[in-house]
Amino acid sequence: MAQWQELKNLDSEHQNQVIQVYVHQQFPLEFRGIASAWIEAQDWKSVAEDEGLARARYDELLDMVEEHYSRLVQQNNILGGPNYLQLVNDARARFQANPVYMARIISRCLSEERKIITSTRANLQECQIELDDSIIELQKKIQMADLKIKSIDEQLGKHDSFLKEWQDEVEQLNGSPVSLQLQMRKIDLDRMLEALNQARLDVCNLIGNTLKLAEQVVSRVVDEELRSWKLRQQQACIGAPIDTSLHKLQNWFMAAALALDKQLQQLRKLPELDLQFPPSDLLSLRTQCEQTAHCLFIKLLKNALVVEKQPNSAQRPLILKTNVRFSVKTRFLVNHSSFNWMPKVTLIFDKDFDEIGAVNGFRKFNFNPKGVSKTMDADERTGLVAQFERLVLVEEKYKSKRQTESLLAVTEELHSITCVMELKLPGLTLDVETSTLPLVVISSTAQGHGAWASILWSAMAADLQPKNLLFLTPPTVTWPQLSEVLSWQFQAMSERGLDEQQLAMLKDKFVDETDGLVSWNKFYKCDATWVWIEGILSLIKNHLLSIWRDGHIMGFISRDSAIVLLKDKPHGTFLLRFSETKEGAITFSWVDHSTGAARVHAVEPYKKELSISNLADILRHYRLTDPSSRSVNPLLYLYPDTPRDEAFGTYYTKPAENTDGYVLRNSGHWSVHPTPPPSPEENRSMESSLNNMDSGMNNMDTSLSNMDPSINTMDPNININSIIGNMDFDTTMELFPELSDMGGPLHGFRLDY
């Protein structure tokens, strides 16, 4: 996970620590957010040791901030944030004369950020260590009680033996007076009995104190750690890169269960000692301890059944299709040879959904065949598990022939599977239940987009309303919630989430209200913005995975914002963005200075064409054809300044070997006119520039032939760039003075035959 994103996931207390770092260093935190990925990609220690490199990084950073401000101006959205112009002016006043100082400050800020992250991780580990320590302390107290009970048992044996000897001697007196020695021995036996009674009371008090610690442990394990694991599992199901292993949780459950079981055994042993003595306060104290231990043990067992693997079919998790097989895996976290139980788990679809009967048209489903149950298998590594495979759902049709109109769309119906386990204990039969996360049942693959939208929304709003009827009155979610979930979708699919700039563009699509809330209607129901996102995810997965993962696609940027970014860039600078009008398509925009004024063009979006030719090859072979039938590739630099071949060269398709005598050819991607079309004045200027280009190229042919008669300039295999690429500027101008009159800047000029 990116460092900036990890900081955003911290609680408010630690985020405030980050703010204080930037306040202390007097560096704008806004700069950090705007250029987060770029800042983290630099080696600022090395930058701080090279003044030239520091100057370049200083210029790049301020350019990014100014471009961000330009986008805000274009979007009429400058009132929602800080005064970026003032921030840039302050940064220039402070760092322009000494950019190395800025590099050192950024290096220190990043170092402090890492310390805060490490501290929060340590705090999390500290909580877990604290729980481990509590369990160790619990085990020590139980062991201490064991030793005391054993000592009492031994002392009781001695007391019984001494008492029997005394009684035998008294009987032998046949009614004669008891000697003083025997009387003293009886006093010693009574004192020994009092000591035993006190020892038993001490043991009971020790068990009572131990149960207080056990109660804290059970509360931590069930109410905090189990709840935290379920939340992580839910986030992992919708794409979050989170660990959901059960190893630690199961160890805590096992340790607590064994401790409570041992305490119950100790309390059951105490009555054996009571048989020799009259009841006392010990009886009520022991009864109270036994009830407490029993309740804690039951609470632990009732929560020990978990759904280790949520329902999953060929679709995404938690989306099931009728008549299509899926699987579920449950685990019981308390398993030990001393318990000797092999329970059976039964699956019930929509158990206890009585309120659904009040919702017209809510569909009912069942397993086919009915009655799905399985005895749990004992696994040495994972404990008791029940793996259900090849499960199939079928819809139960209404008996009435009249179609019932539903208040909810098919993809808005939230269902669940309840796992029921019958656990038999001595004198007690216990029903243990757990349920899957909310799931959606579809009957057509086309419903998958809407189903996943409902799964995402229910995950974000799970604590706000009952899950199964969530969409009767769907709640709103905050933009920070949604932005994180959207980024997870891309990260899970491509290992690259969304940066701050991409999320800023998406925020404009999702958020209308000033309070930053997003409605279900805006997300999917009416505006269907999610369907547009799904199309882009599918596009990346099928055609653009490597290029997207390597960061070459800006993607989420509007056409107007692209114009703002490109208009001041060198001729031929281009960027890749996702189409806002054509679902699941990508286009590229480039800047053209050939007519003097900057004009930004955009090509018709690509979609089906990507199944035939990869995007890198399209960029490589793209041509503009002018009225004189001269073609040129207008794409020279990937924004902001990376040469096209340097950015996409590794993705180019290697030419096939010619084995049949034919001349190889490339697939053509070309446009007759750039968009929007030039005005008549611009067209005449373009024709003049192209005529100059024709004349210049003819002169270049002559110059090259004079320079080396062996060069055949009409040979299509000749790459003029490779001939002039190693020449310095003055030599090139001396040999080819006509280049300065060929229209557009010389910088980055490429010749393609």
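Let me start with two helices: W479, L482, S483 and L486 in α13 meet L503, L506, K507 and F510 in α14, where contact means heavy atoms within 4.5 Å. Those residues divide into 6 nonpolar, 1 polar and 1 charged; Ala, Val, Leu, Ile, Met, Phe, Trp, Tyr, Cys and Pro count as nonpolar, Asp, Glu, Lys and Arg as charged, and the others, Gly among them, as polar.

A word on the source. This is a predicted model, with local features needing pLDDT of at least 70 and side-chain atom pairs counting only at pLDDT 80 or more, while totals for chains, interfaces and linings use all residues. Residues are numbered from 1 along each chain as its sequence is written, and side-chain values use heavy atoms, leaving out hydrogens and water.

Back to the helices. The axes of α13 (residues 479-494) and α14 (residues 500-510) come within 11 Å and cross at roughly 125°; axes are lines fitted to C-alpha atoms, for helices over the stretch in contact, and angles run from 0 to 180 degrees between N-to-C directions. Helices (H or I, at least four residues) and strands (E, at least two) are DSSP runs, numbered from the N terminus. The two helices are therefore oblique to each other.

Now the sheet. Four strands form an open sheet in the order β6-β4-β10-β11, with antiparallel pairing; strands pair if DSSP finds at least two bridges between them. At the edges are β6 (372-375) and β11 (428-435), each pairing on one side only. Strand β10 (residues 417-425) pairs with β11 over 8 bridges, and M421 stands opposite V432 in β11. Helix α11 (residues 281-302) lies across β10 and β11, at about 40° to β11.

How values were computed
Parallel < 35°, antiparallel > 145°, perpendicular 65-115°, else oblique.
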